[in-house]
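Please look over the chain shown here. A briefing on its fold, confidence and side-chain pairing follows.

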Amino acid sequence: RLAAMAAELVAMGEEQTRLRAETYSAVQAAKEARGIMEHSETLRQTEEKRSLEVQEENIKREAALLTSTVVDFRASSGAKSMPRGPRIYWSSSVSDFAAERAEVQAWALPQLQMLCAERGLVASLVDVRCGF
């Protein structure tokens, strides 16, 4: 009877070892899957950022081209006055609104210039920084 109990204990130990190995393998597989998913998400975000940067550059190029076309047209037509269009005056100290100023110059102004150029106008940003 003692030998049967010992054999049963050995079998239970082997079963526990097998279950632990399966659990360890499942945990490792889950960690690998999580790592792959995180890497995939990082790649997607990088690609999305790159795509947005390309779009932004294209908008800037188009705005510059349209603005120069309007200015060239006005110059060739003999217009002697300043180009018509909205002038946005922005005034703050040098350190205030640095992020907002960069965002306006990088994103909003090129789009405004493009819209204005389509209508024969030239949009300009007049940056009047105070030195205090």
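**Briefing on the predicted model**

Glu22 is partly exposed, with a relative accessible area of 43%. Partly exposed here lies between buried (under 20% relative accessible area) and exposed (over 50%), with a 1.4 Å probe and protein chains only. This is a predicted model: local features need pLDDT of at least 70, side-chain atom pairs count only at pLDDT 80 or more, and totals for chains, interfaces and linings use all residues. Residues are numbered from 1 along each chain as its sequence is written, and side-chain values use heavy atoms, leaving out hydrogens and water.

**Fold and surface**

- The chain holds two helices and two strands. Both kinds of element are DSSP runs numbered from the N terminus: helices are H or I with at least four residues, strands are E with at least two.
- Along the sequence the pattern reads α-β-α-β.
- Of the 132 residues in the chain, 13% are buried.
- Contacts (heavy atoms within 4.5 Å) were sorted by sequence separation. Among those between residues at least 6 apart in sequence, 77% join residues at least 24 apart.
- The chain exposes about 10,400 Å², and carbon and sulfur atoms supply 61% of that area. Accessible areas come from the Shrake-Rupley method with a 1.4 Å probe; for residues, only the protein chains shown count as cover.

**Confidence**

- The mean pLDDT of the chain is 80, and 86% of the residues score at least 70. The pLDDT is the predictor's confidence in each residue, from 0 to 100.
- Confidence is highest in helix H2 (residues 98-118), at a mean of 84. It is lowest in strand S2 (residues 124-127), at 77.
- Where pLDDT is low, predicted coordinates should not be read in detail.

- The whole structure contains eight salt bridges. Each is a side-chain nitrogen of Lys or Arg within 4 Å of a carboxyl oxygen of Asp or Glu.
- Side chains of opposite charge can pair when their charged atoms come close.
- Glu15, Arg18 and Glu22 are linked in a network of salt bridges.
- Glu15 pairs with Arg18, with the closest N and O atoms 2.4 Å apart. Both lie in helix H1 (residues 2-76), three residues apart, about one turn of the helix.
- Glu22 also bridges to Arg18, again with 2.4 Å between the closest N and O atoms. These two residues of H1 are four residues apart, about one turn.
- Glu15 is partly exposed at a relative accessible area of 35%. Arg18 is partly exposed too, at 38%.
- Which residue meets Glu56 in a salt bridge? The partner is Lys60, at 3.5 Å from N to O.
- Why are Glu56 and Lys60 separated by about one helical turn? They are separated by that much because they sit four residues apart in helix H1.
- Glu56 is partly exposed, with a relative accessible area of 27%. Lys60 is partly exposed at 29%.

**Helix H2**

- H2 has 21 residues and reaches 29 Å from its first C-alpha to its last. That is close to the 30 Å expected at 1.5 Å a residue. The expected span is 1.5 Å times one less than the number of residues.
- A kink of about 40° in H2 is centred on Val104. The bend at a residue is the angle between axes fitted to the seven residues ending there and the seven starting there.
- The buried residues of H2 are Arg101, Leu109, Pro110, Met114, Cys116 and Ala117.

- Gly120 lies in the loop between H2 and S2. It comes just after H2 and takes a positive phi of about 80°.
- Gly120 is partly exposed, with a relative accessible area of 26%.
- Gly120 and Arg84 are 36 residues apart along the chain, and their C-alpha atoms are separated by 8.2 Å.

**Ser68 and Val122**

- Ser68 is placed in helix H1. It is partly exposed, at 30% relative accessibility.
- How far apart are Ser68 and Val122 in space, C-alpha to C-alpha? The distance is 9.2 Å, across 54 residues in sequence.
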